[in-house]
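Q: Could you take me through how aromatic pairs, burial and nonpolar cores are read from a set of coordinates?

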Amino acid sequence: MMRTTVPPVACVGEPRLTAGFAEFGRLDLFAHEEVHGPIGPMEPANLLRLAEGIQLKGKGGAGFPFAKKLRAVLESCERQDASAIVVVNATEGEPASWKDKVLLTRAPHLVLDGAALAAYALDADEIIIGVADDGVGQESLMEALGERRMPVPTSVVTVPHRFISGEGGALVNGINGLPHIPPGTKKRSSDSGVGGLPTLLSNAETYAQLAIAARLGPYEYAALGTDDEPGTVLLTVTGAAKRPAVVECAAGTPLREILDLCEVPDGAGILTGGYHGKWITQEAADRAEISRKGLAAVGGTLGAGIIVALGPDTCPLGEAAQVVRYLAGESAGQCGPCKMGLPELARSVDLAVSGSAPVEVVRAAAGDVKGRGACSHPDGTARFALSAMEVFAEDLRLHATGDGCGKRVKGLMGLPGAPDPNPQKLMLDWSRCDGHGLCAHVVPDFIRLDANGYPAFPATPVPTWLREGALKAVKVCPELALRLAKAES
């Protein structure tokens, strides 16, 4: 499902990234310079000192120090005697996130300022901005590029609006004309990225924060925020919020203040950080502060700045299970932990939620994928699933009785339409199945045999890369007990 409407924007305290929004809506170049003032280029040493002085970390989820990335690219360029490429990751493949879309739509020149600063310091050959093919923000970005002169040639590339397409390696692959999936082996874009050249790749908000800091300087920038995490944070608050919004606040702001602003009702729990994030209880949310350190202290994570709240009248385990199924389907399918492990994890979560298996099956399935993937997708999915099992332990106990929690799944997690245009599920006619087990031999990545020798498989749509095997399993079933049916989107 394509996203087309940018949510409202709110601010707690002094606006920085969102300055001028109330007066101008979208800041064209004239409004941008009136609100933020001029900015000049910076030499590499000065930009490094600035990034280190404000302790700037990536805002896309991983939180990697920007200064380390910048230094690594500078060293690679010198070592290889090569030019650099600057890449802005504005793809925002996380379905629940909108903050980068807001920047592209309403403050595109801040993002371009930050990219220009990096390009000048690196003496880069090119700036490339990756956006999703949902079209949100792209027109505003193109208008902004037409309003100004960039220091180097600047282009915009579109990538499929999928969860994994926003991963850094997947974006570099897409720019290089390869499939928009993470590379099969871990590699550093600072050594070899776009066109094999040293590449500085960071998130759109990171570049915007850099542009703010270059104008303010490290001391004034640190007037907001905490000692460990100076500056402001952009959050996407959604789910059961009556007033969903992208909110800018100083690091260290109580989470409760943000929840009250967005009129979030008390519920079973709150997801922090997004689909690769962690759940926290309502009680923990009352103690939490908006920062990496503050959220970690209560068992959460800042991640990509996403807060998804569940209301009191939805089944939290059912909501979580839907996300795990989605993440299993979003896998690149090129390494074992994704190709085999994530469908098994989704199946395990479904079994636990249905009361058909103890929580230990989820822990075991998560343990099989953690730390073994070619990218962070298996780890993030396992973290999400395990966190749900822990925070919603009481609900899990109710589900284990077979009666459930008595609440329906309202679909509050912001899941998009299925990326597969024709999602299909395996269906089993138990009146026909004699337990031959042939299907499990044909597609062992998806079908297992239970303790009695009968086929067991997730209630999820069959991943696209396993579709051919599933069709073969249907054909070899001697009792015609298996069939592929259209999955509900």
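This is a predicted model: local features need pLDDT of at least 70, side-chain atom pairs count only at pLDDT 80 or more; totals for chains, interfaces and linings use all residues.

A: Residues are numbered from 1 along each chain as its sequence is written, and side-chain values use heavy atoms, with hydrogens and water left out.

Q: How many aromatic pairs does a search of the whole structure find?

A: A pair of aromatic rings is described by the distance of the centres and the angle of the planes. Rings of Phe, Tyr and Trp (its six-membered ring) pair if their centres lie within 6.5 Å, and planes under 30 degrees apart count as stacked, over 60 as edge-to-face and the rest as tilted. The search finds 7 such pairs. One of them joins phenylalanine 163 and tyrosine 326, edge-to-face, at 6.4 Å centre to centre with 90° between the planes. Together with Tyr275, Phe163 and Tyr326 form one aromatic cluster.

Q: Is phenylalanine 163 buried or exposed?

A: Buried means under 20% relative accessible area, exposed over 50%, and partly exposed in between (1.4 Å probe, protein chains only). Phenylalanine 163 has 11% relative accessibility and therefore counts as buried, and tyrosine 326, at 10%, counts as buried too.

Q: Which residues have the most contacts inside the largest nonpolar core?

A: A nonpolar core is a set of buried Ala, Val, Leu, Ile, Met, Phe, Trp, Tyr and Cys residues joined through side-chain atoms within 4.5 Å. The largest one here has 56 residues, and those with the most contacts inside it are Phe66, Val86, Leu122, Ile127, Ile129, Leu200 and Tyr207. Helix α6 (108–122) is among the elements that each supply at least two residues of this core, and α6 gives the most, with 10 residues. Apart from this core lies another, of 43 residues, including Ala328 and Cys405.

Q: What does histidine 36 touch, not counting residues up to four places away in sequence?

A: Contact means heavy atoms within 4.5 Å. Histidine 36, placed in helix α2 (residues 29–36), touches Arg16, Ala19, Leu27, Leu110, Ile212 and Arg215 on that count. Histidine 36 counts as buried because its relative accessibility is 15%.

Notes:
Helices (H or I, at least four residues) and strands (E, at least two) are DSSP runs, numbered from the N terminus.
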